[in-house]
Amino acid sequence: MNPLTENKQDAPDMAKTEGNVAKDTIGLLRRFHFGEPAAAERTAKPAGAMLPALLNPYRDASAIRYQYPLYLVPPGGGTDEKLAKPVSEHFSDSLHAFAPDAEDARILKDNVAWIERFLRQKLDALDPVDAHTLFDDAASALQEHLGLDQASREQLAAQLERLKSTIAAGGRFLAYGPRVSLHLMLHAIRHRREHGREKFRQVVERHIHGLESLLDVEKAKSTDAPGTVGQASRYFDTGAFSGMLEQRTPGSVEMPADRRTRIEHALEELQAWEENAVAARFVGRLDDADFSELPAIEVIDSDDPCTTAAEVYQRDAESFARLFAAVRIAALEIDNSYNADVHDSWFAGFDWQAFSDEEMQLQTPVVALVSADYLAGDGLPPFSRLLGSRLPVHVLSWVRAYDNPGAKPGGDPFDSYRFELAYFGVGHRQVVVAQTSAARHEDLLAGFLCALDSNRASLHLINRGTQTQVDKPLLDAWFVASAALESRAHPFILVNPDAGDHAAERVRFDGNPQAENDWPLEKLEYRGADGELTEMNLAFTFADYALLIPALHVHFRMVPAGFESDELVPVNQYLDLEEKLVNRQVPYVWGIDDQGVLTRLVVSRALVFACRDRLNYWRTLQELAGIHNFYVEEAIERVTREQQAADAAEREQLLKAHEEQLENVRTEAAGDVMGQLVDVLMGADLSDLVGAGSQPATMPATKAAKTEAQPEPVAEAAAAEPAAEPEAEEELSFDEPWLDTAMCTTCDDCMGINKMMFAYNDNKQAILRDPKAGTYADLVAAAEICPAKCIHPGKPLDPNEPGLDELIARAEPFN
């Protein structure tokens, strides 16, 4: 019997049977999770065009506005710094600029989304399209679609023309597709190259003019033919005449032959220079004939792209070295600063390593196109050599976010830890590393521009979201690439060594959604069994992303509808479980089929291991970017603990000070009372106190007092009080030794005499712990050396102690 599908039992045994079925079901799902083949056979793979629950709303991409198509701003064609922006953003900004009020250009505003959809549908071509031409097509189609009256038609035409005017001449529209990263790289190269090449062209022209002027002056000095003085030339001594000119006009001295030769060679080099129309050289296998035929690029086929790219760069650098040497020589000669003793040897060894940053920017970029599998396999040694060579060659690789480029050919990508090419690149320290998603054009361009501006080797790892092995993917490639970014399968990171030596300066991490979390958290809305709309928070994990890849569906099994168990836990919670609880739980993700049915999908242990691996790498990148850095958080905790301890110590000190103040008040009050009692014992006159209204002390009644008109019980009570006074006198006797602790200054002198007799309390003030633990001589000596005079020896406790008469006399001042 299949416990997942059958459940027919007699009524008396129903409860017991249901419990058994539940136990069998969770057991079967657990065995699948642990990789048991028989359990995999008896459970169902995802069916019904299953998507991760959070991605179900994006099945129909035609109804959704997202970042593509892009408007590519031509060099010099924009007022802001953006090289490209979404068409929707460009239209929105333009409309806000020329029609700021809500009712301005109302017809156009109501239909701008229609224009965007038209452009997206027409941009089936993989290459950029002239923006003006395609916009005209969209404008005509919109007019036909709306069928407005003549007045409204003319009004809309004017609005469309105004919107078209915001598109610069030479601007292009680019759709999302497999070539988008190459086109954006070319676009960035054109922008960076335009200004630099124009400036260099002016320098070359200026130096050509300067060198030609030097040679023209030299030609003017030449006096070749003696016949210029007529038939009498045979009587004319040209040597003597030349000597006379040399004495009068030193500037007419002829240029040395070696200098003239050097100037002529430099001039020939500058005049021969022609600006190369090739914007970039791509080295490797490019299985795209249309792209290879673009006029702005050169494609060089190679089985070892990294090695060939290095050779191509060095070959180009040799020709540029001659050109740049000619430019520098020309500048020195025009300034008459060339020193052959210094400069000849310098220019004899002049190569690309002597190029200035500006000169390196003028070279044609060389891009090695390499598969991730090759980079992590046989191509790893030349790849590493290139990254460490200081050659400013760009390595571009398209990465399948779900795959492991370091896995064995034909092997399961989850059988080993993933080879992280970006981290490998970071390990070379002086390399620009950009791991980006083609779905985020800003990040893609940021990586390209950083590399083009740096004059360093660079590594670009790009995920496009394309699924070449799937005939009809369930999601548009843009959404798949976005999912790879969200799920930490292909996180964004940009490392720029030029920014500084510290990771905090070098690393950009801001392209990741909810970068402070392990996984992004989103709300899912769904209708429960009662039809009520309900929300739940879901984490989008690597396991959710894996559900997008049909080849990975072997790692999922459907949980039967209506089955509930406390042992089923979401993957993100499963990954946080303590190790001792892991084997008791079964991880799952939520999926939704094409009928909108929400289903739990148990995931295999191999996929969970892959999730842990991605999470581990994610946390490594977080630390690199300064997010949840262990050392920083530990330092914060340490400082917090220290501050809390300091605050507690301060509070304790304040409490002690307060207690001391209270003790001082008590001591002063006790002293006053003690003085009054002493006065009583010494027979002092207390009439003043009685007259002052204080509580009268009761004295023994005389016989005469009994005749007073007072009730007898009161008199008896009054007579009873003096009877207790001898007891009070005995209690307040000053014969016993005592110590005024509140006055102690913690000098430690008494401790040096007898630590058994004296001790410190919690406030570090002395107390008389045991007066019998020492001699009366110890008490007197301690009283004599106490700076606070707070030790009172009293009378000797041992009448047999020798020398008492002298000791009592010495103790007298302290009692």
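Modeller: In this predicted model, His-553 is buried because its relative accessible area is 16%, and buried means under 20%. His-553 sits in the loop that joins helix H20 (542–546) to strand E16 (556–558). Leaving aside residues up to four places away in sequence, His-553 touches Lys-45, Pro-46 and Leu-547.

Now to the cavities. Searching the whole structure gives 3 cavities of 30 Å³ or more. The largest cavity has a volume of about 240 Å³, and 17 residues line it. Nearest the centre of the largest cavity are Met-360, Gln-361, Gln-363, Pro-365 and Leu-452. Three helices, H7 (180–221), H13 (357–361) and H17 (441–454), each supply at least two residues of this lining. Helix H7 gives the most, with 4 residues. By class, the lining of the largest cavity holds 8 nonpolar, 5 polar and 4 charged residues.

The second largest cavity has a volume of about 60 Å³. Its lining consists of 14 residues, and those nearest its centre are Cys-744, Cys-747, Cys-750, Ala-766 and Cys-786. In the lining of the second largest cavity, 11 residues are nonpolar, 2 are polar and 1 is charged. Cysteine counts as nonpolar in this division, so Cys-744, Cys-747, Cys-750 and Cys-786 fall among the nonpolar residues of that lining.

Methods. Residues are numbered from 1 along each chain as its sequence is written. This is a predicted model: local features need pLDDT of at least 70, side-chain atom pairs count only at pLDDT 80 or more; totals for chains, interfaces and linings use all residues. Side-chain values use heavy atoms; hydrogens and water are left out. On a 1 Å grid over the protein atoms alone, a cavity is a set of points where a 1.4 Å probe fits but cannot get out, and a pocket is an open set with protein on both sides within 12 Å along at least five of seven lines; lining residues have an atom within 4 Å of a point. Grid points are joined across faces, edges and corners, and a volume is the space filled by probe spheres set on the points. Buried means under 20% relative accessible area, exposed over 50%, partly exposed in between (1.4 Å probe, protein chains only). Contact means heavy atoms within 4.5 Å.
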